[in-house]
Amino acid sequence: MKVEETNLKDCYVIEPKVYEDKRGYFYESFNKITFFEHTGLKIDFVQDNESCSSKGVLRGLHYQVGDYAQAKLVRVLQGSVLDVVVDIREDSETFGQHFSIELSSDNKKQLFIPRGFAHGFIVLSDLATFFYKCDNYYNKESEGGVIYNDKSLQIDWKLDEIKYIISDKDLQLPTLEKRLK
């Protein structure tokens, strides 16, 4: 397993060692001990989530706060997405900065997202199945978000905006600045 820290503190790209032969492939997608050895972070995942979306679907930027804040390990089982995270930890040296990476069933890369980050993705392929492990349970009253097109973040979502498919709820999210007020 190859683990590289991104430009955002405690946010890591993980590339598993993939074993392929004529039958297909095998890889270990997560190992708690190996993860700790590479990052120094103790993580205990308690919930797995999966979504399936068509091309142009943009989900995010979402997070949970307080006792229900979540760290996530995300990957794509089918297709490809542009995955985006924003550091919303006000005391962080990388506050307000973002990182993006293409995750796909072909590259098998994963992204570890620590607590205190907003997260979203846009589907680049015709269809994508997205999987994520969470270290805390979902709680509706603790959810929050930042609007995908916040000008202060300058996120390049890689697709023409006219092709975006976004929920009404996500279109009502505040900017990062308004979220702080």
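**Legends to the close-up views**

**Overall view of the protein chain.** The protein chain contains 3 helices and 13 strands, where helices (H or I, at least four residues) and strands (E, at least two) are DSSP runs numbered from the N terminus. Its radius of gyration is 16 Å, close to the 16 Å that the globule rule gives for 181 residues, so the protein chain is as compact as a globular protein of that length; the radius is taken over C-alpha atoms, and the rule is 2.2 Å times the number of residues to the power 0.38. This is a predicted model, in which local features need pLDDT of at least 70 and side-chain atom pairs count only at pLDDT 80 or more, while totals for chains, interfaces and linings use all residues. Residues are numbered from 1 along each chain as its sequence is written, and side-chain values use heavy atoms, with hydrogens and water left out. Along the principal axes, the C-alpha atoms fill a box of roughly 55 × 35 × 30 Å. Of the 181 residues, 50% are buried, a word that here means under 20% relative accessible area, with exposed meaning over 50% and partly exposed in between (1.4 Å probe, protein chains only).

**View of the nonpolar cores.** The largest nonpolar core has 21 residues, and those with the most contacts inside it are L61, I122, W157 and Y164. Two or more residues of this core come from each of β6 (58–64), β8 and β11 (117–123). Apart from it lies another core, of 18 residues, among them V76, I101, A128 and F130. A core of this kind is a set of buried Ala, Val, Leu, Ile, Met, Phe, Trp, Tyr and Cys residues joined through side-chain atoms within 4.5 Å. In soluble globular proteins, nonpolar side chains tend to be buried together.

**View of the peptide bond between G60 and L61.** The bond from G60 to L61 is cis, with omega near 5 degrees. L61 has its place in strand β6, and this residue is also one of those with the most contacts inside the largest nonpolar core. Most residues other than glycine have a negative phi, and most peptide bonds are trans.

**View of the loop that holds D10.** D10 is found in the loop between β1 (2–5) and β2 (12–15). Phi of D10 is near 70 degrees, a positive value in a residue other than glycine. With a relative accessibility of 18%, D10 counts as buried.

**View of K158 and the residues it touches.** K158 lies in the loop between β13 (143–145) and α2 (168–171), and its phi, near 75 degrees, is a positive value in a residue other than glycine. At 52% relative accessibility K158 counts as exposed, and it touches L82 and L124 when residues up to four places away in sequence are not counted, contact meaning heavy atoms within 4.5 Å. K158 and L82 are 76 residues apart along the chain, and their C-alpha atoms are separated by 7.7 Å.

**View of E90 in its loop.** E90 belongs to the loop between β8 (80–87) and β9 (98–104), and with a relative accessible area of 59% E90 is exposed. The C-alpha atoms of E90 and Y164, which are 74 residues apart along the chain, are separated by 29 Å.
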